[in-house]
Amino acid sequence: MVNDSALRSERALLIGVPAVALLTGLVWLAGQGLRPIAFLPDTGASWYYWQLPEPTAWTRLSAWLGYAAHQIVSWGLIRWAQTRVRRYSRGLTRFNVLALAANLGFVALHLVQTHLFYDGLAQDVSIFSSQGSVVLLLVVVLLMENRRRGLVAGRRAPIPATVVDFARRYHGYLFSWAVVYTFWYHPMEVTSGHLIGFFYVFLLLLQSSLIFTTAHANRWWTVSLELLVAVHGTLVAVMNSGPGGAWPMFLFGFLAVFVITQMHGLGLGSGTRWGILGVYAAAAIAVYSWRGLGEIHEITRIPMVEYLLIIPLVLIIWPVALLIGNRVRAEGGYRRSGS
């Protein structure tokens with residue numbers, strides 16, 4: 001597949017993360033030339049502010065055609081990898097280089113599209129669809145990692161193996177949709193919230209480009225991607241509502257998932273895990289002593305949503321997995337796959 005002189009995938013991460021930061025900076029720099037737009041008044045949580053007040057057929061088509069092309073290419077690359085690459089490598093293959101180039105090309109396309117037409121998909125679909133796609137991604141990760149790290153304090157939930165195997169084999173298609181859809185939902189604006197979001201999306205695109213490499217499955221790297229949603233949610237909440245806003249709900253809510261589930265897949269000793277739990281509890285009590293201990297219940301909302309969503313997700317996947325199980329076994333069984 002690759003020889004020892006090939007660029008190791010872990011080394012590609014060390015290069016890729018600063019490159020993503022640089023790319024985000026370039027988006028900011030290019031955004032200084034965006035034309036001013038008289039946006040419609042903000043009407044609340046269900047309203048997406050950054051959209052043209054008078055869209056045209058061309059502004060809509062520019063976003064949808066760009067998204068469709070990116071999505072089709074992404075799904076095609078995943079299918080190609082599953083049928084031709086099929087095994088994990090320590091180094092980058094020609095396929096990974098092609099995937100990186102394709103994603104970079106679509107980032108450039110969206111940047112040009114924003115400057116020429118501005119609108120993203122937000123003009124035609126609800127903001128909750130974009131937020132929901134990311135939540136769905138996080139829940140599927142909990143499901144497919146149940147076998148390795150458990151769901152609660154290292155203990156596995158009774159999720160059928162058929163469901164987990166199905167999720168591990170086909171999750172790439174869902175993750176690709178969640179990331180690409182979210183990317184094209186927003187115009188490439190340069191507010192702090194947008195830039196933080198684009199930095200996160202670029203990291204997820206980097207992850208998707210490294211499928212079938214050891215870096216793609218590196219547990220420290222993947223849990224870092226999971227944890228970044230806490231950083232993103234907290235910072236955006238502070239920017240939107242200030243220090244008195246809902247940022248503790250996002251910070252301690254997502255960190256609760258880390259304490260309950262994610263840290264138990266890192267091979268940490270029991271003393272370290274108890275220490276992390278203690279620091280988390282002390283920090284939550286300190287913050288809510290300032291905000292009012294009567295509000296501390298809000299940190300349970302995010303973990304409750306994520307864990308409860310696993311139940312309908314399993315009920316949806318199970319019959320589908322059983323239905324196609326015979327065909328998959330005929331192909332040689334489930335293979336470890338990437339997103």
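Student: Let's start with charges. How many salt bridges are there?

Tutor: The count comes to 6 salt bridges in this predicted model.

Student: Which residue does Asp124 pair with?

Tutor: The side chain of Asp124 meets that of Arg60 in a salt bridge, with an N to O distance of 2.5 Å. Asp124 lies in the loop between helix 3 and helix 4 (127–144), whereas Arg60 lies in helix 2, so the pair ties together parts that are 64 residues apart in sequence.

Student: What about Arg149, what does its side chain meet?

Tutor: Arg149 forms a salt bridge with Glu226, at 2.9 Å from N to O. Since Arg149 lies in helix 5 and Glu226 in helix 8 (residues 219–241), the pair ties together parts that are 77 residues apart in sequence.

Student: Is Arg149 buried or exposed?

Tutor: Arg149 counts as buried, because its relative accessibility is 2% and the cut-off for buried is under 20%. Glu226 counts as buried as well, at 8% relative accessibility.

Student: Which residue forms a salt bridge with Arg147?

Tutor: Arg147 pairs with Asp165, and the closest N and O atoms of the two are 3.0 Å apart. This pair links distant parts of the chain, with Arg147 in helix 5 (residues 146–149) and Asp165 in helix 6 (residues 161–185), 18 residues apart. Arg147 is partly exposed, with a relative accessible area of 35%, and Asp165 counts as partly exposed at 22% relative accessibility.

Student: Which residues are linked in a network of salt bridges?

Tutor: Glu145, Arg148 and Arg168 are linked in such a network.

Student: Changing topic to holes: how many cavities of 30 Å³ or more does a search of the whole structure find?

Tutor: The search finds 3 cavities of 30 Å³ or more, and the largest cavity has a volume of about 80 Å³. The largest cavity is lined by 11 residues, of which the closest to its centre are Ser74, Leu77, Ile78, Ala99 and Ser208.

Student: Which helices supply at least two residues each to that lining, and what is it like by class?

Tutor: Helix 2 (57–85), helix 3 and helix 7 each supply at least two residues of the lining of the largest cavity, and by class this lining has 5 nonpolar, 6 polar and no charged residues.

Student: What volume does the second largest pocket have?

Tutor: The second largest pocket has a volume of about 350 Å³. Of the 17 residues that line the second largest pocket, those closest to its centre are Gly16, Ala19, Val20, Leu100 and Leu206. Helix 1 (9–31), helix 3 (94–116) and helix 7 (192–209) are the elements that give two or more residues to its lining.

Student: Which helix gives the largest share of the lining of that second largest pocket?

Tutor: Helix 1 does, with 6 residues. The lining of the second largest pocket divides into 14 nonpolar, 3 polar and no charged residues.

Student: Where is Leu22, and which surface patch is it in?

Tutor: Leu22 is in helix 1, and together with Leu26, Trp28 and Leu29 it forms a nonpolar patch on the surface, with about 420 Å² of accessible area together. Leu22 itself is exposed, with a relative accessible area of 56%.

Student: Last topic, the backbone. What is the phi of Phe212?

Tutor: Phi of Phe212 is near 60 degrees, a positive value in a residue other than glycine. For context, most residues other than glycine have a negative phi. Phe212 lies in the loop between helix 7 and helix 8, and this residue is buried, with a relative accessible area of 3%.

Student: And Ala153, where is it, and what is its phi?

Tutor: Ala153 is in the loop between helix 5 and helix 6, and its phi is near 55 degrees, also a positive value in a residue other than glycine. At 38% relative accessibility, Ala153 counts as partly exposed, whereas Phe212 is buried.

Key: Residues are numbered from 1 along each chain as its sequence is written. This is a predicted model: local features need pLDDT of at least 70, side-chain atom pairs count only at pLDDT 80 or more; totals for chains, interfaces and linings use all residues. Side-chain values use heavy atoms; hydrogens and water are left out. On a 1 Å grid over the protein atoms alone, a cavity is a set of points where a 1.4 Å probe fits but cannot get out, and a pocket is an open set with protein on both sides within 12 Å along at least five of seven lines; lining residues have an atom within 4 Å of a point. Grid points are joined across faces, edges and corners, and a volume is the space filled by probe spheres set on the points. Helices (H or I, at least four residues) and strands (E, at least two) are DSSP runs, numbered from the N terminus. Ala, Val, Leu, Ile, Met, Phe, Trp, Tyr, Cys and Pro count as nonpolar, Asp, Glu, Lys and Arg as charged, and the others, Gly among them, as polar. Patches are made of residues with over 30% relative accessible area and no salt bridge: like charges are joined within 9 Å, nonpolar side chains (Val, Leu, Ile, Met, Phe, Trp, Tyr) within 5 Å. Accessible areas come from the Shrake-Rupley method with a 1.4 Å probe; for residues, only the protein chains shown count as cover. A salt bridge is a side-chain nitrogen of Lys or Arg within 4 Å of a carboxyl oxygen of Asp or Glu. Buried means under 20% relative accessible area, exposed over 50%, partly exposed in between (1.4 Å probe, protein chains only).
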